[in-house]
Amino acid sequence: MADRTVAEHLAQVLAAARPLPPVVVPLGEAAGLVAAMDVASRVDLPGFDNSAMDGYAVRAADIAAATAQAPVRLPVIADIAAGDAPSRPVGPGEAARIMTGAMVPAGADTIVKVEDTDAGMPFVSVLVATSLGTSIRRRGEDLPEGGPVVAAGTVLTARHVGLLAAAGHAEVAVRPRPKVAVVSTGAELVAPGNPLAPGQIHDSNSHLLAAAVDAAGGHTAYRGSIGDHADDVRDLLDRLAADVDVVITSGGVSMGVHDVVKAVLRERGEVGFVTVAMQPGKPQGFGRLGERGVPFFGLPGNPVSAFVSFEVFVRPLLRRLMGLEPAVAPTTRMRLAAPLRSPAGRLQIARATVDRTPDGGWVATPVAGQGSHFVADLAAADALLLVPAEVTHLQPGDEVDSILL
Ligand code: AMP
Ligand code: MG
């Protein structure tokens with residue numbers, strides 16, 4: 001059977017994906033998540049007319065003639081700090097000392113900033129005429145009660161969290177972080193930190209993918225490594241499918257005799273194992289597990305293949321589940337600094353380091369080791385270059401789309 005294209009496989013991954021049902025979280029957990037509903041303000045912002053300056057609340061008419069040569073002297077009948085409720089109005093010919101953010105007392109219609117006075121107590125000399133309404137922040141001028149705080153679909157930033165708090169909300173309904181299980185498969189795998197017997201390697205994929213999941217906004221709820229025994233793999237996947245939103249395995253999906261993920265899941269018909277016209281990452285498993293229809297990715301075992309597959313297929317699904325649109329984040333156009341060869345008929349996803357040019361553009365230099373086992377060069381890369389299937393040679397100066405890492 002012919003390989004399917006990356007776009008075709010991605011379309012299958014995203015076809016039935018919907019944002020996860022909303023949950024209500026405290027503000028401290030909201031940043032980076034997507035609001036699931038419109039939120040309205042519970043209060044006027046500002047909540048009351050208040051002073052924008054440290055100074056004196058007066059009646060503008062009383063100080064209309066004030067100059068440095070002929071100051072207007074007024075008795076100070078109150079001292080109003082932020083948080084105080086003024087106890088009496090300011091009458092004609094009177095002033096009240098007032099601090100920034102304090103409630104403007106009834107009767108006063110302008111604030112003279114302290115720099116325009118002698119800062120006096122219990123009498124103040126006003127040195128500058130101040131027109132009606134100066135330095136008064138009006139109730140509701142920023143956002144009235146009932147006004148829009150965030151709209152459904154907004155990615156909540158620190159600024160939105162601040163506004164939600166100001167508007168009286170301690171919690172907000174969001175799309176949750178998808179709970180993800182990451183499982184490495186392979187009899188050769190040993191947890192990092194443990195000694196290696198001949199033929200063994202450290203399990204890097206589960207750590208790589210768990211970190212990638214969390215960095216993409218998901219939550220790695222399970223991370224582990226399992227051998228190549230069909231019963232173990234079957235039991236673990238069943239357990240995880242009952243518990244999480246997405247299951248990711250690595251390894252065991254190609255043509256080897258011990259390719260256990262493929263063997264176990266194929267027999268049930270829930271997961272399709274296909275070849276995708278890409279390099280690296282050709283063998284891919286995708287489907288839905290168990291009664292809950294949990295999305296399942298069977299990623300190839302080579303670490304670079306697993307990571308590239310995550311970026312191209314898993315991240316868009318996580319974004320969709322989180323309500324982040326577009327599911328496929330925009331790519332960045334770059335110029336090549338060195339030539340690049342690419343296989344015919346397959347989308348090559350090359351690793352590269354990138355630099356900025358003085359005019360704000362991007363220049364990409366492919367890393368030396370483009371084989372799918374080059375984990376050091378993967379770590380050194382800043383971008384994945386997307387060389388279209390039909391392109392076989394690129395020259396320095398040629399442009400290529402890329403995923404910035
Ligand atoms: P597989 O697809 O299981 O045949 O694995 C392909 C290659 O990736 C083999 O060289 C494996 O040893 C290697 N590999 C598989 N899983 C991991 C892992 N979790 N960490 C590092 N290398 C792996
Ligand atoms: Mg294997």
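Predicted model: local features only at pLDDT ≥ 70, side-chain atom pairs only at ≥ 80, totals over all residues.
Local features require pLDDT of at least 70 and side-chain atom pairs count only at pLDDT 80 or more, whereas totals for chains, interfaces and linings use all residues. Residues are numbered from 1 along each chain as its sequence is written, and side-chain values use heavy atoms, with hydrogens and water left out.

The chain is divided into domain 1 (6-20 + 177-321), domain 2 (23-45 + 141-175), domain 3 (50-137) and domain 4 (332-404); the bounds come from an automatic or database domain assignment. Between the C-alpha centres of domain 1 and domain 3 the distance is 68 Å.

Two strands pair if DSSP finds at least two bridges between them. Strand β4 (residues 55-58) pairs with β6 (residues 95-98) in the antiparallel sense over three bridges, and A57 has A96 of β6 as its bridge partner.

Helix α4 (a DSSP run of H or I, at least four residues) comprises twelve residues, 230-241. Its residues V233, L236, L237, L240 and A241 are buried, that is, under 20% relative accessible area with a 1.4 Å probe, protein chains only. Seen down the axis of α4, the buried residues fall within an arc of 130 degrees (taken from the directions from the helix axis to the C-beta atoms), so they line one face of the helix. The face turned away from the buried side carries D231, D235 and R239, which are exposed, meaning over 50%.

Key. Chains lettered and ligands numbered in written order. Helix = DSSP H or I, 4+ residues; strand = E, 2+ residues; numbered from the N terminus. Expected span 1.5 Å × (residues − 1).
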